[in-house]
Amino acid sequence: MDGAFDDEAEPAVTIGEYLDEVEERELEADLVLGGDDGKECTYNKGYMKRQAIFSCLTCTPDGNAGVCTACSLSCHDGHQIVELWTKRSFRCDCGNSKFGEFYCKIFPNKDVENVENSYNHNFKGSYCTCGRPYPDPDAEEQVEMIQCCLCEDWFHEEHLGLESSAEIPKDDDGEPIYDEFICKSCSEVCFFLKLYPEEIWAVGKQPDTVISKDKGVLEEVPSTCGSGKLMCDDSYNSPKTDDAQATVDSEPISDGKSLLPGGNCNSSMASNQCTKSTDLQVNCLLGVNILATSPVSHGKPMFLSKNWRNALCKCNNCLEFYNQKQIAFLLDKEDSIAEYEQMAKQKREEKLQQQEGAELSFFNKLGHVEKVEILKGIEEMKDGLRAFLESADSSKPITAADVHQFFDDIKNKRRRVQ
């Protein structure tokens with residue numbers, strides 16, 4: 001009969017496991033909040049590059065406003081809150097005209113509206129092309145979603161527009177091996193990425209891309225190259241572009257190494273030092289004026305490798321294209337989630353160091369008697385915990401009631417001593 005009631009028993013965890021879980025949860029919260037302690041409204045910081053944002057459906061059921069961490073805690077406590085993770089270039093709306101008679105408790109003097117803020121259906125608690133909430137009350141199992149790094153919407157894997165989820169780059173354990181994801185709709189804006197070598201892709205082969213000589217239109221052709229590179233023949237003619245229209249021979253653009261064959265190119269794509277005797281008025285890594293190129297929809301999401309943004313061309317034409325399509329943020333190192341989380345980790349480490357320093361400073365300022373009392377209390381706790389664990393029945397798990405009883409005994413013992 002041993003173990004007959006194991007499924008009904010309260011799961012047992014070690015103290016080490018419990019502390020590790022607490023640490024993991026605190027770190028996860030810090031990564032989402034970017035190290036924000038939630039004490040100050042971020043409105044005065046303007047349109048922040050990236051911050052945690054929440055939508056209050058109690059105050060703005062239309063989902064047309066977002067508030068910062070501090071306002072979600074202080075001004076909207078007890079309200080129906082939607083956690084949006086992070087949003088870029090956003091300014092706290094709490095208490096502005098969208099909230100009617102409601103005023104921000106932390107910083108009430110705000111503009112009527114933040115005209116540069118952008119909103120999507122996430123602010124109504126809907127996600128993906130299916131428009132379902134998360135967590136989904138009708139789902140038997142909550143499935144994790146992935147976020148597009150452009151539109152910042154979240155998608156279920158089965159709604160990415162792929163023939164099979166097997167097309168998603170993952171390792172043998174099923175963990176993602178891509179760094180960032182661009183959804184099917186946003187991939188149309190980022191057609192120019194198909195002109196870069198395969199190193200920017202997480203895994204697999206992207207369709208070969210050429211530019212039609214007569215139409216200046218990006219087209220996809222079946223690959224004849226087994227290596228999976230964007231270009232198969234190193235002997236093709238150099239692409240040429242005039243001032244009005246992209247008019248290059250119908251050949252793939254890149255050989256996966258030297259973006260501009262026939263020219264002089266630094267080994268780093270991000271250096272933008274490539275030179276070539278073409279009709280281009282600027283030095284472009286692609287050798288193509290994407291401003292004058294008409295894309296063709298390929299209907300596939302994109303999975304990018306780590307540091308793919310560093311490969312983006314920064315010539316005048318490409319910069320103008322990024323600005324026109326409102327994707328210039330891709331060139332900002334601090335825009336990515338990875339950089340946001342890295343800064344959050346750094347803030348967390350600094351905060352923990354300050355706490356340790358404050359605790360040590362407080363202890364050193366105490367008198368001799370107070371120090372002895374604290375050290376004595378720590379020893380009593382250690383001795384009591386050791387006795388508690390030794391006396392516990394090893395065949396039974398330690399329950400929450402047991403732990404509460406242990407601390408009650410410690411308190412009663414201190415009262416009797418006093």
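User: How much space lies in the largest pocket?
Analyst: About 1,400 Å³ of space lies in that pocket. A pocket here is an open set of points, on a 1 Å grid over the protein atoms alone, where a 1.4 Å probe fits and protein lies on both sides within 12 Å along at least five of seven lines. Grid points are joined across faces, edges and corners, and the volume is the space filled by probe spheres set on them.

User: What kind of model is this?
Analyst: This is a predicted model, in which local features need pLDDT of at least 70 and side-chain atom pairs count only at pLDDT 80 or more, while totals for chains, interfaces and linings use all residues. Residues are numbered from 1 along each chain as its sequence is written, and side-chain values use heavy atoms, with hydrogens and water left out.

User: Back to the pocket: which residues lie nearest its centre?
Analyst: W85, M145, I146, Q147 and W154 lie nearest the centre, out of 35 residues that line the largest pocket. A lining residue has an atom within 4 Å of a point. Two or more lining residues come from each of α1 (15-33), β2 (81-90), β3 (146-147), β5 (180-182) and α5 (337-365).

User: Which element gives the largest share of the lining?
Analyst: Strand β2 does, with five residues.

User: How many helices and strands does the chain have?
Analyst: The chain has seven helices and eight strands. These are DSSP runs numbered from the N terminus: H or I over at least four residues for helices, E over at least two for strands.

User: And what share of the chain is buried?
Analyst: Of its 418 residues, 39% count as buried, meaning under 20% relative accessible area with a 1.4 Å probe and protein chains only. The chain exposes about 24,500 Å², of which carbon and sulfur atoms supply 48%; this area comes from the Shrake-Rupley method with a 1.4 Å probe.

User: New topic: how many disulfides does the structure hold?
Analyst: The structure holds zero disulfides, a disulfide being a pair of cysteine sulfur atoms within 2.5 Å. C71 is in none, and the nearest cysteine sulfur to its own, that of C104, is 3.6 Å away.

User: Where does C190 lie?
Analyst: C190 lies in the loop between α3 (184-187) and β6 (208-211), and counts as buried at 0% relative accessibility. Leaving out residues up to four places away in sequence, C190 touches L150, I182 and M302, where contact means heavy atoms within 4.5 Å. C190 and M302 are 112 residues apart along the chain, with their C-alpha atoms separated by 9.1 Å.

User: What about S55: which strand is it found in?
Analyst: S55 is found in strand β1 (residues 48-56). Its side chain reaches the backbone oxygen of F123 at 2.7 Å. Beyond four places in sequence, S55 touches G63, A65, Q80, I81, V82, L84 and F123.

User: Why does S55 count as buried?
Analyst: S55 counts as buried because its relative accessibility is 0%.

User: Last one: which residues is N96 in contact with?
Analyst: Apart from neighbours within four places in sequence, N96 is in contact with D111, V112, E113 and N114. N96 is found in the loop between β2 and β3 and counts as buried at 4% relative accessibility.

Note on methods
Buried < 20%, exposed > 50% of the residue type's maximum accessible area, 1.4 Å probe, protein only. Polar contact = N/O pair within 3.5 Å; in protein donor to acceptor, adjacent residues only side chain to side chain.
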